[in-house]
Amino acid sequence: DTASLVLGIETTCDETAAAVVERRSDGSGRILSNIVHSQIEDHAPFGGVVPEIAARAHVDLLDGIVARAMQQAAVNFKNLSGVAAAAGPGLIGGVIVGLTTAKAIALVHNTPLIAVNHLEAHALTPRLTDALAFPYCLFLASGGHTQIVAVLGVGNYVRLGTTVDDAMGEAFDKVAKMLGLPYPGGPQVERAAASGDAERFAFPRPMLGRPDANFSLSGLKTAVRNEASRLSPLEPQDINDLCAGFQAAALESTADRLHVGLRIFRERFGAPHALVAAGGVAANQAIRGALQQVATAAGTQFMIPPPALCTDNGAMIAWAGAERLALGLVDSLEFAPRARWLL
Ligand code: KG4
Ligand code: ZN
């Protein structure tokens, strides 16, 4: 296990990002640069990410973002220990741009390529900022995924629960859209909910009490839609109350699902070292509070990366690459990009 310097590239959705991370031989990490360009402005007029626009923007932006990341880290390409790219899952056009760029750098500078699973990168991020040992329990909630994962080691993940329909971030985004709030909806719903009355509407708590650790969000989303169309035209207070009701129901369901997930974790793998949250939805303060309570009730510590490392970024890809590299897990230049890639 030797120290390494890894460049990481993230292009699976609407962030064009690159970062340089150092991993020391004791397993600790340090971010030397972390450049994230959000394409939100390009996609906002369409109310969601347009894959073709995203792919073209990655092509336009990535070279410059990589150059800035290298410059800010004051690292020369020839001093890199490896180059990592998110090779999926995600919007395939963007994944191709990022992975191909990483392959070119690897080829030209004769440095190892690490093809990183974007979800694995979210899962390993807490080890970049804190000394966290395996195993731990991960709650991953983003625009495309909602999962409870037992993280047993690098490359060793067991999925304990997942959503049977919408991802949690997707549900936040759809609720925002139906209430006329701009994209991306998660932060908008959180803001509106802060001035709303969560008790005004009796929204369902999906999956409550079920023995498995799965999630369901589409029924709740439909309940919000029905209430919104009944009240239409909506007053600002209606919007706040609908957001508050939705968020409270999503929270209560999440807490219940995690109670079950942690119980299953204990039965199968013993006590986890922590409950860890990751993914864009983990930026939500109310959800953080609920997760903290779940962890306390389960007698485990709660850990969460800072918000900028919860949403998509290059440092998480570089770090996952460094963790894999330390174990000799490198990939060939033939590695094919993957739109779908289970953890
Ligand atoms: O991890 P991420 O940046 O990208 C994906 O891999 O999907 O997550 C983005 C998702 C979006 O659906 C966004 O609405 C949601 O995370 N999100 C939030 C909040 N901030 C971002 N959801 C709820 N509350 C927030 N504060
Ligand atoms: Zn993500």
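Visitor: What is the handedness of the crossing of helix 2 and helix 3?

Guide: The crossing is right-handed, a term used when the near helix is turned clockwise from the far one by less than a right angle, with anticlockwise counted as left-handed. This is a predicted model, where local features need pLDDT of at least 70, side-chain atom pairs count only at pLDDT 80 or more, and totals for chains, interfaces and linings use all residues. Residues are numbered from 1 along each chain as its sequence is written, while chains are lettered from A and ligands numbered from 1 in the order in which they are written.

Visitor: Why are helix 2 and helix 3 called roughly parallel?

Guide: Helix 2 (residues 51-73) and helix 3 (residues 92-108) pack at about 20 degrees, their axes 8 Å apart. Angles under 35 degrees count as roughly parallel, so helix 2 and helix 3 are described that way.

Visitor: What makes His 122 buried?

Guide: His 122 has 31 other C-beta atoms within 10 Å. A residue is buried at 20 or more, exposed at 12 or fewer and partly exposed in between, so His 122 is buried. His 122 lies in helix 4 (residues 118-124).

Visitor: Is Asp 312 buried or exposed?

Guide: Asp 312 is buried, with 26 other C-beta atoms within 10 Å. Asp 312 sits in the loop between helix 11 (307-310) and helix 12 (314-326).

Visitor: How do you know that His 118, His 122 and Asp 312 gather at one spot?

Guide: UniProt lists these three under "binding site" in an unreviewed entry. They span 195 residues in sequence, yet no two of their C-alpha atoms are more than 8.9 Å apart, so they gather at one spot.

Methods: UniProt positions renumbered as here; feature names shortened; annotations may be inferred. Helix = DSSP H or I, 4+ residues; strand = E, 2+ residues; numbered from the N terminus. Axes fitted to C-alpha atoms, helices over the stretch in contact; angles between N-to-C directions. Parallel < 35°, antiparallel > 145°, perpendicular 65-115°, else oblique.
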